[in-house]
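This briefing covers helix packing, the nonpolar core and selected residue contacts. Please read it alongside the sequence and the coordinates.

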Amino acid sequence: MTSVATGRTGIGWLLIGLLCSGVAAAGCTVLGRFAIPQFVESFAEAGQPLPVITQVFAGSYGLVWLAPLAVVATWLAGRARTSALIGCIELMLATPVALFAAYLPLFKLGTLF
């Protein structure tokens, strides 16, 4: 498929990569911005630190927004299928890590009080 305006091919691969990386980035942002801060308060009241994985995730969840940029840059470099692969890999890696980082404090909450 060729785009008449830009002369680029592989728009479908770009859209797949952007969809996958965008969903992963939005999910990580929601968890990092809304779920993790609630655990910070609970752990602070108990005088305990958050699990290390959760602390690292809370401080760096915004980095997942670099993946959609990488998808676009890869597509602009003429690697359409690779751009979709980057987006799919981010979805498969970032989402489970974010969920693990968000749920790990729940497992430790029982030991706080």
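**Helix packing and core**

The axes of α1 and α3 come within 9 Å of each other and cross at roughly 170°; axes are lines fitted to C-alpha atoms, for helices over the stretch in contact, with angles from 0 to 180 degrees between N-to-C directions. The model is predicted: local features need pLDDT of at least 70 and side-chain atom pairs count only at pLDDT 80 or more, while totals for chains, interfaces and linings use all residues. Residues are numbered from 1 along each chain as its sequence is written, and side-chain values use heavy atoms, with hydrogens and water left out.

*α1 against α3*

- α1 and α3 are therefore roughly antiparallel (angles over 145 degrees count as such).
- Helices are DSSP runs of H or I with at least four residues, numbered from the N terminus.
- On the α1 side, Ile-11, Leu-14, Gly-17, Leu-18, Ser-21 and Gly-22 meet Ala-67, Pro-68, Val-71, Val-72 and Trp-75 of α3; contact means heavy atoms within 4.5 Å.
- The residues of this contact divide into eight nonpolar, three polar and no charged (Ala, Val, Leu, Ile, Met, Phe, Trp, Tyr, Cys and Pro count as nonpolar, Asp, Glu, Lys and Arg as charged, and the others, Gly among them, as polar).

*Faces of α3*

- In α3 (residues 66–76), Ala-67, Pro-68, Val-71, Thr-74 and Trp-75 are buried, that is, under 20% relative accessible area with a 1.4 Å probe and protein chains only.
- Leu-66 and Leu-69 are exposed on the face turned away from the buried side (exposed means over 50%).
- Gly-78, with a positive phi near 90°, follows α3.

*Thr-74*

- Thr-74 of α3 has a relative accessible area of 15% and is therefore buried.

*Largest nonpolar core*

- The largest nonpolar core has 12 residues, including Ala-24, Cys-28, Phe-57, Tyr-61 and Ala-98; such a core is a set of buried Ala, Val, Leu, Ile, Met, Phe, Trp, Tyr and Cys residues joined through side-chain atoms within 4.5 Å.
- α1 (11–46) and α4 (80–109) each supply at least two residues of this core, and α1 gives the most, with five.
- Tyr-61 is in contact with Cys-28, Thr-29, Gly-32 and Arg-33, leaving aside neighbours within four places in sequence.

Technical notes:
Parallel < 35°, antiparallel > 145°, perpendicular 65-115°, else oblique.
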